[in-house]
Amino acid sequence: MRLFIAINFDKEIIYSLKRVQGDLKKCGLEGRYTKEENLHLTLAFIGEYGNPDDVLDALEELEFTPFEISLSGFGSFGDLYWVGLEENPHLKSLVKRLRKSLSDSQIPFDKKKFSPHITLVRKGVFMKGKKSFPQHLPEMKMTVRSISLMRSDFGKNGVNYTVVGEVGE
């Protein structure tokens, strides 16, 4: 079972992110746009792991308090285009504690440096003669009230994400 831990967004953020995707299309960016139901912020990617209960136990060890996040700026990793987040000490602390809990529980995870971003487009290519991001990113803030253990399944219509469990309010 392919697992990851994420922040799922409220309807207002999802709506705003869909508008941003529309703006990117108008700017000439073609590619595989992330489906509305798959927009999230990955905190830790676990990958193939057979026992989600072990991961949920590690999550239960975390002391979680709600905090606010704000989206900020565009960027890319090669042909993957994303929206970033404003610097956030609460988020950094959560990720550090989460990864320690996973390590202490001997649950393997991707140890790449945490770079908070929301993937909007994969395999993105700007149409000939165009290469610019929208001039304006709408103000998007949200109170994070929980984090979720997610399962990733590949189906005939692409990737589907399912909440396995969550901690928080």
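# Exercises on a predicted model

The side chains of Asp153 and Arg151 are joined by a salt bridge, with 2.7 Å from N to O. The model is predicted. Work through the tasks with the structure open.

## Exercise 1: Salt bridges

Task: Find how many salt bridges the rule gives, then examine three of them.

Solution. 

Step 1. Recall the cut-off. A side-chain nitrogen of Lys or Arg must lie within 4 Å of a carboxyl oxygen of Asp or Glu. By this rule the count comes to 5 salt bridges.

Step 2. Start with Asp153 and Arg151. Their N to O value is 2.7 Å. Asp153 is partly exposed, because its relative accessible area is 29%. Arg151 also has 29% relative accessibility, so Arg151 counts as partly exposed.

Step 3. Move to Asp104 and Lys100. They form a salt bridge, and their closest N and O atoms are 2.8 Å apart. Both residues lie in helix α3. They are 4 residues apart, about one turn of the helix. Asp104 has a relative accessible area of 54%, so Asp104 is exposed.

Step 4. Finish with Glu37 and Lys35. In this salt bridge the closest N and O atoms are 4.0 Å apart. Glu37 counts as exposed because its relative accessibility is 56%. Lys35 reaches 26%, so Lys35 counts as partly exposed.

## Exercise 2: Strand β1 and its partners

Task: Decide whether strand β1 is mostly covered or mostly open. Then find which strand pairs with β1 over 7 bridges, and which over 5 bridges.

Solution. 

Step 1. Locate β1 at residues 2–8. Of its 7 residues, 5 are buried, and the strand is mostly covered.

Step 2. Look at strand β3, residues 40–48. β3 pairs with β1 in the antiparallel sense over 7 bridges.

Step 3. Look at strand β8, residues 146–155. β8 pairs with β1 over 5 bridges, again in the antiparallel sense. Here Ile5 has Leu149 as its bridge partner.

## Exercise 3: Leu102

Task: Is Leu102 buried or exposed? How far apart in space are Leu102 and Gly155?

Solution. 

Step 1. Find Leu102 in helix α3, residues 89–104.

Step 2. Check the cover. Buried means under 20% relative accessible area. Leu102 has 0% relative accessibility, so Leu102 counts as buried.

Step 3. Go from C-alpha to C-alpha. Leu102 and Gly155 are 28 Å apart in space. In sequence they are 53 residues apart.

## Exercise 4: A negative patch

Task: Name the residues that form a negative surface patch. Then place Asp57.

Solution. 

Step 1. The patch is formed by Asp53, Asp54, Asp57, Glu60 and Glu61.

Step 2. Asp57 sits in helix α2, residues 52–60.

Step 3. Asp57 has 48% relative accessibility, so Asp57 counts as partly exposed.

## Exercise 5: Positive phi

Task: Inspect the phi angles of Gln106 and Lys123. Where does each residue lie?

Solution. 

Step 1. Recall the background. Most residues other than glycine have a negative phi.

Step 2. Check Gln106. Its phi is near 60 degrees, a positive value. Gln106 lies in the loop between α3 and β6. Gln106 is exposed, because its relative accessible area is 70%.

Step 3. Check Lys123. Its phi is positive too, about 55 degrees. Lys123 lies in strand β6. Its relative accessibility is 53%, so Lys123 counts as exposed.

Conventions: Residues numbered from 1 in each chain as written. Predicted model: local features only at pLDDT ≥ 70, side-chain atom pairs only at ≥ 80, totals over all residues. Heavy atoms only, no water. Patch = residues over 30% accessible without salt bridge, like charges linked within 9 Å, V, L, I, M, F, W, Y side chains within 5 Å. Areas by Shrake-Rupley, 256 points an atom, 1.4 Å probe, with all protein chains shown as cover. Lys, Arg positive; Asp, Glu negative; His and termini not counted. Charge placed at Lys NZ, Arg CZ, Asp CG, Glu CD. Helix = DSSP H or I, 4+ residues; strand = E, 2+ residues; numbered from the N terminus. Buried < 20%, exposed > 50% of the residue type's maximum accessible area, 1.4 Å probe, protein only. Pairing = 2+ DSSP bridges.
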